[in-house]
Every structure is written in structure tokens, then in C-alpha cells.
Amino acid sequence: MQKFIKITGAREHNLKNVSVSIPRDAITVITGPSGSGKSSLAIDTIYAEGQRRYVESLSAYSRQFLEQLQKPEVDAIEGLSPSIAIDQKTVSRSPRSTLSTITEIYDYLRVLYTRLGKPYCYKCGAEISTQESGNIIEAVLALPEGTRLQILTPIVRDRKGNYRKELQEMRSEGFVRARIDGEMVDLTEEILLEKKKRHTIEIVIDRLIIKDGVDRQIREAVETAFKYSDTVTVNLVKGNRDILFSRAAACLTCGISYPDIIPRFFSFNSRAGACPACNGLGYENLQEDSPDIEEYRTCSSCGGFRLRKEALSVLFHGISIGQFCSMSIKEASAFLSGISLTEREGFIARRVLKEVRDRLSFLTQVGLDYLTLSRPSVTLSGGEAQRIRLASQMGSSLTGVLYVLDEPSIGLHPRDCGKLLESLTAIKDAGNTVVVVEHDEETIRWADHIIDMGPGAGVRGGWVIAEGTPSEIEENSNSITGRYLSGRTSIETPSVRRPLAKFFTVRGAAEHNLKNINVRIPVQAFTCVTGVSGSGKSTLIFDILFRALHKHLAGPRDIILQPGQHGSIENISLVDKVISVDQTPIGRTPRSNPVTYTGIFSHIRDLFALLPDAKVRGYKNSRFSFNIEGGRCEACRGNGMIKVEMHFLPDVYVQCEKCRGTRYNHETLEIKYREKNIAGVLDMSVSEALQFFENIPQIRRRLEVLDDIGLGYIHLGQPATTLSGGEAQRIKLSRELNRRSTGNTLYILDEPTTGLHFSDIQKLLHVLNLLVDQGNTVIVIEHNLDVVKSADYVIDLGPEGGEQGGELIAEGTPEEVSRNSRSHTGRFLRQCLLKVNSRG
């Protein structure tokens with residue numbers, strides 16, 4: 001086997017005919033300024049070619065279901081292994097998806113509860129036992145005289161198929177009625193069921209009225225029903241209410257019967273197990289396609305556990321499957337370690353529990369032990385989602401694979417970064433090659449090999465500036481990364497902190513894991529909120545502070561999300577506007593892009609509509625919109641790309657053959673400004689456009705802001721779906737910066753350094769300090785020590801994540817926090833400040 005993956009002549013996006021070798025069975029970090037070509041090399045060239053070769057290796061039969069994937073712009077790649085990309089966008093965004101379902105832990109728990117769970121009555125709490133025919137007959141006879149009822153028995157319960165054979169057998173045995181999927185049908189008529197849908201078929205054994213002398217008829221009906229199933233359903237015609245009886249399990253006190261306990265009984269994606277009130281979603285009135293669950297109330301019927309009450313009454317060592325999933329990874333691991341199994345339980349559950357424990361261990365190793373198993377995937381950050389997938393791969397036992405990761409350290413406190421690096425090393429030691437796109441200093445120093453891209457972004461990038469070991473990169477004078485690693489260039493610590501005169505105070509913060517804390521936040525200053533993952537940072541700043549200020553400023557009628565639990569906020573009038581700049585996408589389809597979001601595109605379309613050729617043809621500014629009929633390409637409806645469903649692979653987008661990705665029709669593209677048509681303008685980077693529109697003030701000013709915050713490399717028309725969370729956040733920030741500042745505004749940012757190189761962090765800090773100098777207040781949730789040391793004030797929460805977090809550990813200047821012995825942040829901050837002082 002070759003010792004290197006050799007890439008020759010890579011020209012994808014801004015890559016300048018790059019040729020480079022990546023050592024196999026090693027960890028290689030690709031770094032460099034934002035937009036320098038790191039992802040173009042790692043994801044769009046190396047991984048994309050690996051995926052294309054995989055599809056080509058499939059049989060002709062399999063390939064007929066797949067679109068031919070486009071070959072990356074590269075001359076040759078030798079020694080390429082099967083490739084797996086672990087990025088930040090591949091976890092399901094369905095409200096049904098949770099941490100336990102993504103990692104398959106829930107599948108094993110369903111098996112565990114099926115085999116070893118003990119059912120209890122949800123009404124009286126008594127243990128469920130078997131029920132004889134006599135008990136069932138007595139219960140039916142106890143119904144009021146004159147009650148009209150039907151006795152049914154299920155022959156199919158929530159399974160796929162058309163069941164023609166089974167229905168014919170029932171006809172031949174003399175049955176004439178059935179209830180299929182809740183609807184009564186006549187068996188003498190032809191019944192056509194969809195084969196790919198789940199169905200429940202219940203045969204009507206008899207119909208009768210409670211009266212004297214009906215005993216024998218009931219007995220015969222019940223005994224006949226038990227020939228086909230262990231379950232009998234008594235349907236009360238008035239009100240169409242069912243009473244379920246089971247020969248397998250029932251409460252002798254309340255008469256409540258349970259159906260067969262099978263894995264599907266614990267599935268909230270099946271009618272057999274899902275809570276009927278919320279349909280297994282855990283929230284009231286939540287829709288299947290809803291991307292945001294925070295504005296919905298927890299289901300009052302199931303308490304957010306998603307399952308019907310019968311399933312939640314099956315206990316394993318005293319807890320239900322819902323209670324198990326409400327535990328954090330750390331708590332679940334401790335619970336399983338603390339239980340004592342009988343010999344029988346150990347024999348039955350040994351394999352299942354091993355799989356659960358292994359997965360919990362892998363999640364702990366990547367720093368996610370604070371997450372609960374029931375955590376919906378739509379609420380996970382990009383970094384958390386990526387580390388969950390990494391944990392899943394750790395248990396896959398694959399060898400000879402190329403793993404490509406995109407900034408796995410995002411969202412990790414320096415304390416936890418070491419765990420992540422040890423996990424990457426374990427994957428490498430299993431005989432795999434790991435390629436990581438990363439800016440984190442600790443990760444860069446951990447690498448076996450470094451490829452430093454640059455020297456700039458966009459058209460100014462795309463070259464390999466340096467490659468080698470971390471020490472070799474440090475000594476390379478051409479490498480910007482090397483200069484920061486060696487200390488020749490650094491982000492300076494402010495020599496003087498701003499004076500802190502006024503504060504507003506959050507009192508009694510007790511939402512989620514916060515421990516009734518009081519927190520002071522300075523006004524007209526730069527504050528950094530720190531702490532390990534899950535310590536309560538977002539709960540304090542977003543769920544309580546932002547929502548409370550928004551409610552105060554906007555009024556209660558305009559509020560969708562209520563503030564989290566707290567006592568009061570003092571001096572709330574010190575700010576007159578609050579703006580949250582988070583990392584949610586600026587749009588969920590390829591139609592959204594930086595210039596449409598920031599409003600720049602309106603000015604560009606106005607400019608094109610004023611051109612002489614456009615006026616002659618009668619084109620208005622709407623002609624240059626790709627969202628409206630007239631100027632757009634109708635083959636792709638202005639998308640430029642066509643979505644192709646890959647069935648058992650992720651969907652891909654391929655370029656529209658008619659417009660070649662330009663989004664517009666031929667007539668629209670004939671209109672040009674300075675030799676560029678509208679598609680050519682959208683294809684420009686921000687830096688290129690800044691020069692191109694230097695004489696158009698209303699366009700130039702907005703582009704300057706994007707360039708100032710380190711986004712000079714992104715393309716004006718770059719689809720929102722391709723932007724990272726950090727890029728989306730900085731685009732939002734640029735829109736806010738373009739608005740006229742009145743001072744007294746509170747800006748809240750969540751990890752704004754995501755995706756930023758050392759040199760780009762310097763630009764971001766300049767912009768944040770500019771906002772404060774204008775009389776505004778800036779609060780940043782951040783782990784990056786270069787940002788933390790640059791703040792005027794630090795609020796550190798902890799000491800750990802989850803239930804062991806939520807305390808105020810330290811507050812004050814960076815120097816004061818660095819001297820706090822309880823603070824994990826303080827320990828790393830002290831090392832950072834000492835390093836700076838030693839350089840001085």
C-alpha cells in the first residue's frame with residue numbers, strides 16, 4: 001500500500017493547480033486564513049473524489065438509481081482510500097431525531113426494555129400480571145345493561161403489507177367485518193391495502209348487547225378471539241371507545257390490559273408506542289417539518305417523553321425508558337454502572353448493555369457527557385453534531401478509511417479539546433488516515449503533518465504556503481500560521497482595560513441547570529462569557545437575558561418565547577436595543593445568499609436596470625432577480641442547481657445543464673456592466689466586488705463591512721446552504737453594522753470565532769471594539785482564549801456541564817479570573833497571559 005495520498009493539479013474553486021502529498025495512517029491538519037482553500041482541498045477535492053469513486057465501484061444495477069457525480073477539478077489523486085466526511089451539517093433536522101436515535105442507543109434500549117422491563121399499571125402502580133378468560137368475561141358482563149359492543153381481535157398490528165392472503169382466510173372462516181386502520185370495512189367486498197404502508201387489521205368476532213342470557217355468547221366470542229391473538233378489544237359502539245384486554249398482561253385491580261411488549265411498543269415513531277396526544281414529538285401542536293421546537297410547550301400528556309402511558313409504565317431497575325433518556329450521558333453511564341443484574345438478567349442483557357455502555361463512553365471521550373439522551377437533534381450546535389458522528393465512527397471498527405473532518409474543535413472548551421484529540425488518535429491508530437480542517441492551535445500542534453494554505457483569501461489564496469511538522473511550520477517565514485505558532489506575530493492583550501462604571505444585574509437565574517445565580521454585566525464594555533460545554537452560558541445569555549430584554553423593549557404582545565426562570569434584571573433601562581447574532585443559517589435553500597440577506601443585491605439590480613441596454617429592452621430591476629419569472633432560467637427555476645435524490649446516499653445538487661449554474665436565461669445575461677453580466681457579479685468574491693463597485697457608494701459601503709469582518713473570500717451569490725455557522729453569523733453581524741448606530745445597543749454573539757484563523761480573529765476583535773467605542777455593549781459567548789484575554793470583563797460558569805454546572809465560578813477582568821483556582825477557564829487563561837508576558 002502507498003504511504004501517501006498524492007494530489008496533483010487541484011484547481012477546484014480558488015486552488016492554484018495545487019500538488020501535495022498527505023501521509024497515510026497519520027493526522028494531517030489543513031490550516032490557513034479563512035477562504036484560503038482549505039475546504040476546497042479537503043472536502044471538495046479529496047472527499048468528493050473518494051465519494052465519486054465509491055459510486056463508480058457499485059454495480060450497474062445500483063448506479064442506475066444514482067446520478068453521475070461530477071469529477072473535481074484535479075489532474076490525479078493516487079492512493080485514495082474510501083472516504084467519510086464528518087462535517088457540521090449532516091445530522092437530521094427532524095424534530096423526531098434525538099441524540100439517542102442518532103447514536104442507535106435508543107434502539108438498544110428498546111430491546112433492553114422489551115426483554116427485561118417490568119410492566120406496572122399506569123393507574124394504580126401495581127405490577128401487571130396475566131389475565132384469564134374468566135376475568136375478561138366478568139369485566140364485559142359488568143358493563144351497563146343495554147350497552148352495544150363489538151368484540152374484535154387483531155391479526156395484524158402496525159405492519160407493512162397488503163395482507164390479501166390473511167383477509168381471504170378470514171372470509172373463508174365466516175367473518176364478514178373488520179376494522180382496518182380505525183375504519184370499519186365489509187370483508188365481502190374487495191379490499192386493497194397499500195403494501196408500503198403500515199396497517200392494523202382487527203377482525204370483528206361478534207356484535208352484541210349486554211342483557212340477560214348473553215353470557216354464553218360473550219364466552220364463545222372471547223375464546224374465539226384468543227385463537228387468533230392474545231389480545232381482545234371490546235369496542236363500545238356509543239362513543240366508539242375501546243377497552244383492551246390481554247391474556248398476556250393486565251392489572252388485576254384496575255382491569256387495565258397491556259398489549260404484547262415488543263420493541264415497537266417503545267418507539268415514538270410507531271403508532272404502537274407514540275403518545276397519541278403529540279404523535280410522538282414530545283411537544284404540543286408541533287409539526288413534523290418544524291425546524292424550531294423552542295416556541296412549543298412540552299406535551300402535557302406524556303411530559304415530553306414522547307411515548308404512550310403504557311410504555312412509560314414499563315420499568316427497568318425502577319425507571320422508564322423515558323426517564324433513562326432524560327439523563328445526561330454522564331448520569332446514564334453512572335446509572336448502568338450502579339445496577340446489579342441477576343444471573344438471568346446478565347445473560348439476557350450482556351450484549352445489549354455492552355453496546356449502550358460503549359456508545360456512552362465514546363460520547364464522553366469527545367466531550368459530550370453533559371448532553372441528555374433525549375436532546376433533539378435540531379437543538380444541537382454544528383460542533384456537537386459533528387462530534388456525535390465522530391463518536392459513532394469510533395465504534396465502527398473500520399480500518400483503511402480516510403476521515404475528513406471540518407473544524408471538530410468548534411464549541412469545545414480548552415479543557416475538553418485534549419479528549420477530542422485523543423479520539424482522533426484512536427481512529428488513526430486503528431489504521432486510518434485523518435485529515436482535519438482546523439484553526440485551533442492545540443489541534444494544529446497535535447498534528448503529524450500540517451498543510452498551510454494561503455497567503456490570503458479568495459483569489460489571493462489557493463496556494464500551499466508551507467507543509468511539514470508543527471516545528472517546521474513554526475520556522476517557515478512564509479507561513480502566517482507559523483508566525484502565530486512561534487509567537488513572532490500574536491493577538492495583543494489590551495494594555496488598558498475599559499473602566500467599568502455601570503452594570504445591569506440578572507438576579508435569581510434558575511433556568512435549566514443554573515443554580516439561582518446573580519450575575520453582574522457591565523454596560524458599554526466588552527464582556528466574554530466562558531465555561532465548559534453545558535455549563536449554562538447560552539441559558540443565561542440567550543434564554544434569560546436576551547428574551548427578558550426583548551420582552552421589556554418590544555412589549556409582551558410581540559413575544560413568542562418567554563424568558564427563562566429568573567427573579568429580576570436590575571438597571572434594564574441602561575440599554576434601549578438588543579440584537580442577537582447567532583449561528584443559525586441565513587436561509588434554508590440555495591436561493592438565499594450573502595447579497596440577498598444583506599440587501600446589497602437590491603442596489604446591484606437597480607444598477608443593472610439603469611444600464612442603457614436594459615432600458616432599451618424595458619427591463620426593470622425585477623428582471624435581474626432569480627426568484628421571479630422573466631429573467632431567471634426556468635429549467636432550474638433560478639436555483640442554478642438541480643437536486644438529485646441519491647436514495648441510500650445523501651442528496652446532491654448538480655449544475656443545471658441549461659443555464660450552466662448561472663441561474664438566468666440568455667437574454668438577461670446579455671446585459672453587462674463593465675463587461676460583467678449579473679451572473680458574473682454574483683460569482684465574484686466580496687474582495688473582488690469591492691474593487692469592482694468602488695465608485696458605487698451604496699454598494700461599496702456594505703461590501704467594506706463584510707471585508708472588514710474577514711468575509712472577503714465568500715462569493716456574493718454563494719448559497720446559504722454552503723455557509724458555515726460562523727460565516728452565517730458574521731454575515732448577520734455585517735447587516736447590523738450597516739445600520740445607523742444610536743449607542744446603548746446590546747449585541748450578543750455566540751462563538752463568533754467559529755471558522756476564523758488567528759489573523760481573522762484580529763479583524764473580528766477590531767470590529768467588536770469599534771462597537772463598544774460607539775457606546776454599545778457587547779457580550780460574547782466564547783472559548784477562544786485570544787478573545788477571552790481581550791475582553792474587559794469575564795463571566796465564567798461551571799464548574800462542569802449539565803447538573804454539575806450552572807454556578808458562577810468567577811467574574812472580573814481576565815487577570816482576575818486567571819487567578820481563580822476553581823475556574824477551568826482561569827487555568828488556561830493564566831497560561832495564555834503568561835505566554836504573552838514572556839514574549840513581552
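A pocket here is an open set of points on a 1 Å grid over the protein atoms alone, where a 1.4 Å probe fits, with protein on both sides within 12 Å along at least five of seven lines; lining residues have an atom within 4 Å of a point. The model is predicted: local features need pLDDT of at least 70, side-chain atom pairs count only at pLDDT 80 or more, and totals for chains, interfaces and linings use all residues. Residues are numbered from 1 along each chain as its sequence is written, and side-chain values use heavy atoms, without hydrogens or water.

**Stop one: the second largest pocket**

Select E202, D242, L244, R271 and R308. Of the 33 lining residues, these lie nearest the centre of the second largest pocket.

Next, colour the lining by class. Expect 13 nonpolar, 9 polar and 11 charged residues (Ala, Val, Leu, Ile, Met, Phe, Trp, Tyr, Cys and Pro are nonpolar; Asp, Glu, Lys and Arg charged; the others, Gly among them, polar).

Now show strands β7 (148-160), β10 (198-209), β11 (231-236) and β12 (241-246). Each supplies at least two lining residues. β12 gives the most, with 4. Strands are DSSP E runs of at least two residues, helices H or I runs of at least four, numbered from the N terminus.

**Stop two: α11 and α12**

Select 343-365 (α11) and 382-394 (α12). Their axes come within 9 Å and cross at roughly 130°. In contact (heavy atoms within 4.5 Å) are F362, L363 and Q365 of α11 with I388, A391 and M394 of α12. These divide into 5 nonpolar, 1 polar and no charged.

Conventions
Axes fitted to C-alpha atoms, helices over the stretch in contact; angles between N-to-C directions.
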